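Let's take a walk through a protein model together. Keep the picture open beside you and look for each residue as we get to it.

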Amino acid sequence: MQEYVDGFVLPVPRANVLAYQKMAESAKAVWLEHGALDYRECVADDLGTETFRSFSEAAGAKEDETVVFAWIVYANKAERDRINALVMADPRLANVSCENVFDFKRMSWGGFSTLVAK
């Protein structure tokens, strides 16, 4: 079976990047403990482009926002479904609120089958 990846792109107010990082560190621990193979959260530092559509544009980032690009790797889609069910029920995430950190409704998310890997 091939690895499966959940991917995320979201705008985050620059003033909230440290709060987002703290929230992401908590989430990372939970996902990895429940079996995710890798968990990455990356903040943009080079989005300038004249040739291609930028992540800022794709994420609908405002002037005071940056973009976070994140992904979680699983052994396969069935494992993703099993792990995510455990994560969503984990009481450690019940107290984690994103409301004051970023607008959850503006986050883009999708599940991806691996096409090419190392």
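Predicted model: local features only at pLDDT ≥ 70, side-chain atom pairs only at ≥ 80, totals over all residues.

How much space lies in the largest pocket? The answer is about 570 Å³. Residues are numbered from 1 along each chain as its sequence is written, and side-chain values use heavy atoms, with hydrogens and water left out.

So what is a pocket here? Rolling a probe the size of a water molecule over the atoms shows where empty space is left. On a 1 Å grid over the protein atoms alone, a pocket is an open set of points where a 1.4 Å probe fits, with protein on both sides within 12 Å along at least five of seven lines; lining residues have an atom within 4 Å of a point. Grid points are joined across faces, edges and corners, and the volume is the space filled by probe spheres set on the points.

Back to the largest pocket: 24 residues line it, and Ala27, Trp31, Met88, Phe104 and Met107 lie nearest its centre. Helix H1 gives the largest share of this lining, five residues. (Helices, H or I with at least four residues, and strands, E with at least two, are DSSP runs numbered from the N terminus.) The lining divides into 20 nonpolar, two polar and two charged residues. Here Ala, Val, Leu, Ile, Met, Phe, Trp, Tyr, Cys and Pro count as nonpolar, Asp, Glu, Lys and Arg as charged, and the others, Gly among them, as polar.

The second largest pocket has a volume of about 270 Å³. Glu3, Val5 and Thr114 are among the residues that line it, and its lining splits into seven nonpolar, two polar and three charged. Take a look at Thr114, in the segment after S4. A polar atom of the Thr114 side chain lies 2.6 Å from the backbone oxygen of Glu3. Leaving aside neighbours within four places in sequence, Thr114 is in contact (heavy atoms within 4.5 Å) with Gln2, Glu3, Tyr4 and Val5.

In strand S4 itself you'll find Gly110. Gly110 touches Val5, Asp6 and Gly7, not counting residues up to four places away in sequence. With 13% relative accessibility, Gly110 counts as buried (buried means under 20% relative accessible area, exposed over 50%, partly exposed in between, with a 1.4 Å probe and protein chains only).

Now for the rings: the whole structure holds four aromatic pairs. Rings of Phe, Tyr and Trp (its six-membered ring) pair if their centres lie within 6.5 Å; planes under 30 degrees apart count as stacked, over 60 as edge-to-face and the rest as tilted. Tyr20 and Phe102 make an edge-to-face pair, 5.6 Å centre to centre with 70 degrees between the planes. Tyr20 sits in helix H1 and Phe102 in the loop between helix H4 and strand S4, so the pair ties together parts that are 82 residues apart in sequence. Tyr20 is buried at 9% relative accessibility, and Phe102 is buried at 8%.

Phe55 and Phe69 form a tilted pair, at 5.6 Å and 55 degrees. Phe55 is in helix H2 and Phe69 in strand S3. Phe55 counts as partly exposed at 40%, and Phe69 is partly exposed at 39%. Finally, ring pairs link Phe55, Phe69 and Trp71 into a cluster.

Technical notes. Polar contact = N/O pair within 3.5 Å; in protein donor to acceptor, adjacent residues only side chain to side chain.
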